[in-house]
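Please examine the sequence and the structure shown below. The paragraphs after them are intended to be read alongside both.

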Amino acid sequence: MILDSKSPAGPLAEKWTKHKFTSKLVNPANKRKYEVIVVGTGLAGASAAASLAELGYNVKAFCFQDSPRRAHSIAAQGGINAAKNYQNDGDSVFRLFYDTIKGGDYRARESNVYRLAEVSVNIIDQCVAQGVPFAREYGGLLANRSFGGAQVSRTFYARGQTGQQLLLGAYSALSRQVANGKVKLYPRTEMMDLVTIDGEARGIVTRNLITGAIETHAAHAVLLCTGGYGNVFFLSTNAMGSNVTAAWRAHKKGAYFANPCYTQIHPTCIPVSGDHQSKLTLMSESLRNDGRVWVPKTVEMAEKLRKGQIKPADIKEEDRDYYLERKYPSFGNLVPRDVASRNAKYVCDEGRGVNETGEAVFLDFRDAINRDSEDAIRARYGNLFDMYQQITGENPYKTPMMIYPAVHYTMGGLWVDYNLMTTVPGLYALGEANFSDHGANRLGASALMQGLADGYFVIPYTLGDYLAQNLATKVDTNHPEFTKAADEVKAKIKKLLSINGTKTVDHFHKRLGKIMWNECGMARTAEGLKKAKAEIKALRAEFWKDVKVLGENEELNQSLEKAHRVADFLELGELMVDDALNRNESCGGHFREEYQTPEGEALRDDENYAYAAAWKYMGDEQEEELNKEPLVFENVKLTQRSYK
Amino acid sequence: MKLTLKVWRQKNASDNGSFVTYPLDGISKDMSFLEMLDVLNEELSEKGEDPVHFDHDCREGICGMCSLYINGKPHGPQQTTTCQLHMRSFSDGETITIEPWRAKAFPVVKDLVVDRASFDRIIQAGGYVSVNTGGVPDANEIPIPKVIADEAFDAATCIGCGACVAACKNASAMLFTSAKISQLAMLPQGQVERKNRAEKMIAQMDAEGFGACTNTGACAAECPKGISLTNIARMNREYFSAVLSSDNV
């Protein structure tokens, strides 16, 4: 099937304005007759829930954490892009649009990306009005920094904790609506299934994580703002609880899943230290503004470093290979994430890695400290340096940081049209949970932008258009579909608890993670992917025979929570592999070794693969069906991405 | 490393709870404290015993979900969150006592997990600027002196973990509440609702059953984010000037 993006016709710059005008409105008195469910309270969820409640809709907001303020958006460090052009350095809405399309390796939808760039300016205004304390210059105006993949300074930031400040802003707006009685909060509540009636989303089934109670909630529309699926790799920079369950179960109820193989491997993370590792920690990409990435020129010298025979400071300037500056003179250390990650892998594969495991490169602040002073660097990145020291026990002001790429973000997600509606009418996906804006690679400081754009400025318009046509729809949990869905959830829980096998949930999760990282990570091959597919299938079968889930349903049961999530990852993993196998090209975060330029850069095949791959669930253990949304580029010329 | 763990086990809110001792071997000094507990839980699970429940999520020291009262200190011996605490802070053979936060306003849910919804309700009482989405002025319309913006930022970095309450002998939530009141009192955007906010948030804080402040400073000393005691002084000033000229009579 060819999917219709429902992008409005007309010139790019007028699409959104025109669309807002032609969308149907719900009059203020009628808004209070609608129920809306928002799952997830990160930037997308909290901003959507707050904005919709302000408009007058009745909102129920769900999160699995103990408070909406804990959502993983909070961990975003570097900043948020906006085409304000406050720096007078040549930025514009079109340039932000262009950078994002190019950064995404021409695999995103033009109309969505342009709208994102357009509303980016409103986001900053909104956050400042909420009291978000962005960094400022001495004159009292907002400060900006530059970020990977861009040649202008358009990133707004709050030291190294921008995500925290933006999320607390959205959380405060949400809290205000809770106090107003327009939002009802359901913390420690996990969505277990989507309920559809006559093909339309009409509610959800949830599990109360404290009591185990399976409950149903009805609504006129359901918004999934549940983040990405990076934890399929077990080790990632995601929070421990981040999971795909809500999106995956919606997928099994009819929502197509798009481009699952597009995963972002972030170049600047703290390297793995041992088998006990439970998660990886990101060091903001903004560090690449001042830090210089290097490894020794020779394998011999790297070996001495690894054995501790020499220290980084012992290596003379002429023996250092600042490989990003050497290969990409115009972008240098600020090349996009996929390029930086892949090059780190290359130098480590050559044997020039610098830590004990051989999987690390240096990020060195020596020159920046000499140029600007240690205090200046502390003011910019103090909390990041502290965090690094806390985790590694080393002082990065004195010795270079060691970094290595790690799974960080997933560009794929539920397929949505221009209105952010999935293929299930009434079901929407916002933020990282959808696939729409970043193509095959996301630029730094664009995730916060997209989450808030979707929640504050897109969904309040597009949701009304759908709801206006559904005023007569009655929503009620007494409908048999709710009972049926709840019974299915109960049966699944019963099954998980009754297997009583020999291996823990984490055991399976770690094994899945290893398969995914080795075969569907930074570099992929057809052969490896085929092998991975067979291994995942076998692992999934083993899971359902031999997993050990302790305790009972009617209590706080963290192994049961994890079991559900890992069961879904075991299905998603296979789809990611299918998608990676289908895409016989390299683009952005998807790098197939068979398809590269002589210089080792990603080689796209625009003729055959300029489409979004949207997969339809066909039933348990069935191959999924591929549907395509052709990507049409009317405003940019597709070129080989060059950051040289 | 070889350790002896004394862990608080409590089946649910109505259970009395007690300490259970677990010996643990093969711990690396590079593990985080929570990874050490992961090891314990894998061992317990393999033996068919219920794993120790504790709250955690980002494991980067920013979400505020992890807690734990370790050897008599919230988040343990270092001034950081438990997820950022590493086993190199302990010595081989040590006995480590692990308890949940203890406060009337933070009832225990299970084992080391407590309910901190009272913090959410304090924010709901007024920890925001009442602006709707859209229709706000340009972000650079109101310049804010850098020193003020920086000070507001410092207050705004509170992660809402509750260590301040756990550290306080009175289980007072003054540091948490004052951080939000300070942030918004310093910024021009927070001026309109300044008085009302201080009155309402403090009333909610009292209604939740948090104790009074006796200025011992334990909260700031244990705060993993270094939220300053100055915020409490500022909140007191905000509160007194608000009640003296209150609009809520």
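What follows is a guided account of selected features of this structure. The model is a predicted one.

The UniProt annotation "active site", taken from an unreviewed entry, covers Arg337(A). This residue belongs to helix 10 of chain A, a helix that spans residues 337–349. Is Arg337(A) buried or exposed? Arg337(A) counts as buried because 26 C-beta neighbours lie inside 10 Å, and the threshold for that class is 20 or more. Once neighbours within four places in sequence are left aside, the contacts of Arg337(A) are Gly148(A), Gln264(A), His266(A), Pro267(A), Glu285(A), Asn441(A) and Gly444(A).

Chain A also contains a sheet. Three strands make up this open sheet, arranged in the order 6-7-8 with antiparallel pairing. Strand 6 (189–197) and strand 8 (214–218) of chain A are the edge strands, each of them pairing on one side only. From one strand to the next, the twist averages 25 degrees. In general, the strands of a sheet pair through backbone hydrogen bonds, in either a parallel or an antiparallel manner. Here, strand 6 of chain A and strand 7 of chain A (residues 200–208) run antiparallel and are joined by eight bridges. As an example of a bridge partner, Glu190(A) has Arg207(A) in strand 7 of chain A.

The next topic is the contact between the chains. Chain A contributes 64 residues to this contact and chain B contributes 66 residues. On the side of chain A that touches chain B, the elements giving two or more residues are helix 3 (43–55), helix 5 (110–129), helix 6 (162–179), helix 12 (374–392), helix 13 (447–467) and helix 17 (558–582) of chain A. Which helix provides the largest share of that side? Helix 6 of chain A does, with nine residues. Sorted by class, the side of chain A that touches chain B comprises 25 nonpolar, 26 polar and 13 charged residues.

Chain B, in turn, can be described through its domains. Chain B is divided into domain 1, covering 3–110, and domain 2, covering 117–244. A distance of 29 Å separates the C-alpha centres of domain 1 of chain B and domain 2 of chain B. Between these domains, 18 residues of domain 1 of chain B are in contact with 15 residues of domain 2 of chain B. On the side of domain 1 of chain B that touches domain 2 of chain B, eight residues are nonpolar, seven are polar and three are charged.

How values were computed. Residues numbered from 1 in each chain as written. Chains lettered and ligands numbered in written order. Predicted model: local features only at pLDDT ≥ 70, side-chain atom pairs only at ≥ 80, totals over all residues. Pairing = 2+ DSSP bridges. Helix = DSSP H or I, 4+ residues; strand = E, 2+ residues; numbered from the N terminus. Axes fitted to C-alpha atoms, helices over the stretch in contact; angles between N-to-C directions. Contact = placed C-beta atoms within 7 Å. Nonpolar A, V, L, I, M, F, W, Y, C, P; charged D, E, K, R; others polar. UniProt positions renumbered as here; feature names shortened; annotations may be inferred. Buried ≥ 20, exposed ≤ 12 C-beta atoms within 10 Å, placed from the backbone. Domains from an automatic or database assignment.
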